[in-house]
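I opened this model to look up a few things and write them down. The entries follow in the order I took them.

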Amino acid sequence: MRKLLSASLTLATASLAAAGVLLPLRPAAADTGDPPSTTLAAAAQRSGRYFGAGVTAHKLSDPTYTGILDREFGMVTPENEMKLDVTEPQQGRFVFTAADRIVDHAAQQGMRVRGHTLLWHAGQPSWLVNLRGTALREAMLNHVTQVMAYYRGRIHAWDVVNEAFADGPTGARRDSNFQRTGDDWIEAAFHAARAADPAAKLCYNDYNIENWAHAKTQAVYRMVRDFRARGVPIDCVGLQSHFNANHPVPADFVTTVRNFADLGVDVQLTELDVEGSGAAQAESYRRVVRACLAVSRCTGITVWGIRDSDSWRASGTPLLFDSSGARKPAYTAVLDALNSAC
Ligand code: G3I
């Protein structure tokens, strides 16, 4: 309820501002005299941002897991339950049981939901893998339309297309069945998405696009710039932000966040995790949070799981809570950085 009230106040303030009523600017949290917020969601909300977690439906019956989720987070992303192999296992037969468990839990707790993901080269059921050409294009657009219509009004932002660019120096699109239907498949998906749920923010989401100098980052940037110039409906870019020793937080991360935002889209850090431990891990997390806070259109951060043991990279202990559910130094670094936002 507190989360809902806080969201309503933010909305009311935005409406007054839109109506030309001048409100005193909220001073930096550090200057308000307010005590620091004690949860990630509340600390992020001080600057109007959300803080979320990737969530798995079958863990919602684990009280330690759900206790941390409900206490700390204001946004959830289903880690796997909205992927195409789960939601449309046979063509035209839609299954939302697992995704609904997460969406319903979020609604009961006053949390919002990021939808992940409508179209991805991985996680495809065999019926889709076997389609080609026009039949594939139509099935792809029908999937976007049906899933978004089912959840209309309940999803804050959708990862409409996930990971459509290749790694490496070429800046090319990733080869996939969708890509083979024609270069315009991504914009066709965004048009279908806007029609299906006009209120949802429509995002392009990818990994290894955090380093501004990389060819893949540049290629995604050019696509978003082109979409904005031609009126293709795109509202945000998701930087997955999976970091480790081979892919450390780049020195120019804030440049990347700012340059995407300057195209007129929101930027969301959608799957953040940083392999490591102790002070070094905490420092990396601090740098990521500060980069987001430095750009007004960086509207929120989602970590990809709750405890280290919940992570897809569990052996790298990349999250904010250890496997017993205790807060790590990285947690404190994130909370402090959010609390000191201007
Ligand atoms: O649920 C089954 C279980 O019944 C079975 O016993 C077990 C045996 O392998 O597999 C379980 O399914 C696994 C599922 O995660 C749930 O744990 C799948 O094999 C496994 O492939 C799946 O991995 C997910 C991966 O995407 C592939 O879809 C990860 O949880 C999920 O964190 C990861 O998330 C992706 C994002 O969607 C996109 N960006 C990269 C990110 C990391 O790969």
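**Helix H11**

I began with helix H11 (residues 253-261), whose buried residues are Phe253, Thr256, Val257, Asn259, Phe260 and Ala261. I took buried as under 20% relative accessible area, exposed as over 50% and partly exposed as in between, with a 1.4 Å probe and protein chains only. Helices (H or I, at least four residues) and strands (E, at least two) are DSSP runs numbered from the N terminus. The cover over the buried residues of H11 includes H10, E6, strand E7 (242-243), strand E8 (266-274), helix H12 (278-293) and strand E9 (298-303).

**Ground rules**

I am working on a predicted model, in which local features need pLDDT of at least 70 and side-chain atom pairs count only at pLDDT 80 or more, while totals for chains, interfaces and linings use all residues. Residues are numbered from 1 along each chain as its sequence is written, and side-chain values use heavy atoms, with hydrogens and water left out.

**Core**

I looked up the largest nonpolar core and found 96 residues in it. The term covers buried Ala, Val, Leu, Ile, Met, Phe, Trp, Tyr and Cys residues joined through side-chain atoms within 4.5 Å. Those with the most contacts inside this core are Phe51, Phe73, Leu119, Trp158, Val161, Phe190 and Leu320. Helix H9 (residues 185-196) gives the most to this core, with 7 residues.

I then followed Leu320. Setting aside neighbours within four places in sequence, its contacts (heavy atoms within 4.5 Å) include Leu40, Phe51, Tyr285, Val303, Ile306 and Tyr331.

**Salt bridges**

I counted a salt bridge where a side-chain nitrogen of Lys or Arg is within 4 Å of a carboxyl oxygen of Asp or Glu. The count comes to 19.

What does Arg194 pair with in a salt bridge? Its side chain meets that of Asp235, at 2.9 Å from N to O. Arg194 lies in helix H9 and Asp235 in the loop between helix H10 (215-230) and strand E6 (236-239), so the pair ties together parts 41 residues apart in sequence. Arg194 is partly exposed at 25% relative accessibility, whereas Asp235 is buried at 16%. I also noted one network, in which salt bridges that share partners join Lys59, Asp62, Arg307 and Asp310.

Arg180 and Asp175 form another salt bridge, at 3.0 Å from N to O; both residues are exposed.

**Backbone**

Most residues other than glycine have a negative phi, and most peptide bonds are trans.

His116 and Thr117 are joined by a cis peptide bond, with omega about -10 degrees. Thr117 lies in strand E3 (residues 112-120).

Asn208 is not a glycine, yet has a positive phi of about 55 degrees. I placed Asn208 in the loop between strand E5 (201-206) and H10, and Asn208 is buried at 18% relative accessibility.

Ser241 also has a positive phi, near 65 degrees. Ser241 sits in the loop between E6 and E7 and is buried, at 0% relative accessibility.

**One distance**

Gly33 is in the loop between helix H2 (29-32) and helix H3 (40-45) and is exposed, with a relative accessible area of 68%. I found 33 Å between the C-alpha atoms of Gly33 and Ser241, which are 208 residues apart along the chain.
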